[in-house]
Amino acid sequence: MVRLNEIRTGEKAVDAPAPQDAGLRFIGRIRTPWSDRLVCPRQGRLDGPLCRIEVFEPWVAALDGIEAYARLEVLYWLHASRRDLVHQCPASDGRVHGTFALRSPVRPNPIGTTVAALVGREDAVLLVRGLDCLDGTPLLDLKPDRSLFTPIAPAQPGDFETDA
Ligand code: SAM
């Protein structure tokens, strides 16, 4: 069985150092149709099922203006993942891949990201399509899709630097 917390043949776990406290705040909770990792999509799709992103207070005001963006980057904490593998065999076929060469949920800091289509907002709740996480997954952050976003703050010198 794959994608639970077992180690497959060829995979390598390390003695992971104790986490430093990055001071993360869970700013909400993601509600999806999936309660089983083995059924959850491997990657979300923009025509996938409607999901709810519930934002907690005091962060609801931080949603102001978000309706202007048709797509959002959603960052979430894949809380049920193990965090100690450096080599993984996603297909259980003996082929080994470094964790940072994968988008596996198993990573030292199990941050998931997706681009989701924003369907609507109901006060503290965003309705979106494009997620691929378990129901109840903690929400880390929301941002406009970078391809839709132009910085509002004035340009800085580094914006014009090239390698030439
Ligand atoms: N789209 C994200 C990314 O690329 O960063 C996540 C991709 S990850 C391959 C998606 C898989 O993670 C799902 O198919 C499911 O098996 C697993 N998963 C989803 N929610 C999880 C959670 N809260 N904790 C642990 N694993 C989870």
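This is a predicted model: local features need pLDDT of at least 70, side-chain atom pairs count only at pLDDT 80 or more; totals for chains, interfaces and linings use all residues.

Student: How many helices and how many strands does the chain have?

Tutor: There are 0 helices and 9 strands. Read along the sequence, the pattern is therefore β-β-β-β-β-β-β-β-β. Contacts with a separation of 6 or more come to 78% from residues 24 or more positions apart.

Student: In what order do the strands close into a barrel?

Tutor: The general idea is that strands of a sheet pair through backbone hydrogen bonds, either parallel or antiparallel. Here 6 strands close into a barrel in the order β2-β3-β8-β7-β4-β9, with antiparallel pairing. From one strand to the next, the twist averages 45 degrees.

Student: Which residues can I use to follow the pairing of β4 with β7?

Tutor: β4 and β7 run antiparallel and are joined by 7 bridges. Glu73 of this pairing stands opposite Val115 in β7, and Leu72 has Ala116 as its bridge partner in β7. β4 also pairs with β9 in the antiparallel sense, over 5 bridges; there Val74 stands opposite Leu142.

Student: Is β4 largely enclosed or largely open?

Tutor: β4 is largely enclosed by the rest of the structure, because 6 of its 7 residues are buried.

Student: What lies between β7 and β8?

Tutor: β7 and β8 form a hairpin with 2 residues between them. In the turn, Asp123 has a positive phi of about 55 degrees. The two strands run antiparallel and are joined by 5 bridges, and Leu118 has Val128 in β8 as its bridge partner.

Student: Over how many bridges do β2 and β9 pair?

Tutor: β2, residues 28-31, and β9, residues 137-144, pair over 3 bridges in the antiparallel sense. One point of reference is Gly28, whose bridge partner in β9 is Leu139.

Student: Let us turn to charged side chains. How many salt bridges does the structure hold?

Tutor: In general, side chains of opposite charge can pair when their charged atoms come close. This structure holds 12 salt bridges. One of them is formed by the side chains of Arg29 and Glu54, at 2.7 Å from N to O. Arg29 lies in β2 and Glu54 in β3, so the pair ties together parts that are 25 residues apart in sequence.

Student: Which parts of the chain does the salt bridge between Asp135 and Arg31 link?

Tutor: The closest N and O atoms of Asp135 and Arg31 are 2.8 Å apart. This pair links the loop between β8 and β9, where Asp135 lies, to strand β2, which holds Arg31; the two residues are 104 residues apart. Asp135 is partly exposed, at 32% relative accessible area.

Student: And where are Glu67 and Arg121?

Tutor: Glu67 forms a salt bridge with Arg121, with the closest N and O atoms 3.4 Å apart. Glu67 is in the loop between β3 and β4, and Arg121 is in strand β7, 54 residues away in the chain. Glu67 is partly exposed, with 47% relative accessible area.

Student: Which residues form a nonpolar patch on the surface?

Tutor: Leu4, Leu38 and Val39 form this patch, with about 230 Å² of accessible area together. Leu4 is found in the segment before β1 and is partly exposed, with a relative accessible area of 35%.

Definitions and conventions. Residues are numbered from 1 along each chain as its sequence is written. Side-chain values use heavy atoms; hydrogens and water are left out. Two strands pair if DSSP finds at least two bridges between them. Helices (H or I, at least four residues) and strands (E, at least two) are DSSP runs, numbered from the N terminus. Axes are lines fitted to C-alpha atoms, for helices over the stretch in contact, and angles run from 0 to 180 degrees between N-to-C directions. Patches are made of residues with over 30% relative accessible area and no salt bridge: like charges are joined within 9 Å, nonpolar side chains (Val, Leu, Ile, Met, Phe, Trp, Tyr) within 5 Å. Accessible areas come from the Shrake-Rupley method with a 1.4 Å probe; for residues, only the protein chains shown count as cover. A salt bridge is a side-chain nitrogen of Lys or Arg within 4 Å of a carboxyl oxygen of Asp or Glu. Buried means under 20% relative accessible area, exposed over 50%, partly exposed in between (1.4 Å probe, protein chains only). Contact means heavy atoms within 4.5 Å.
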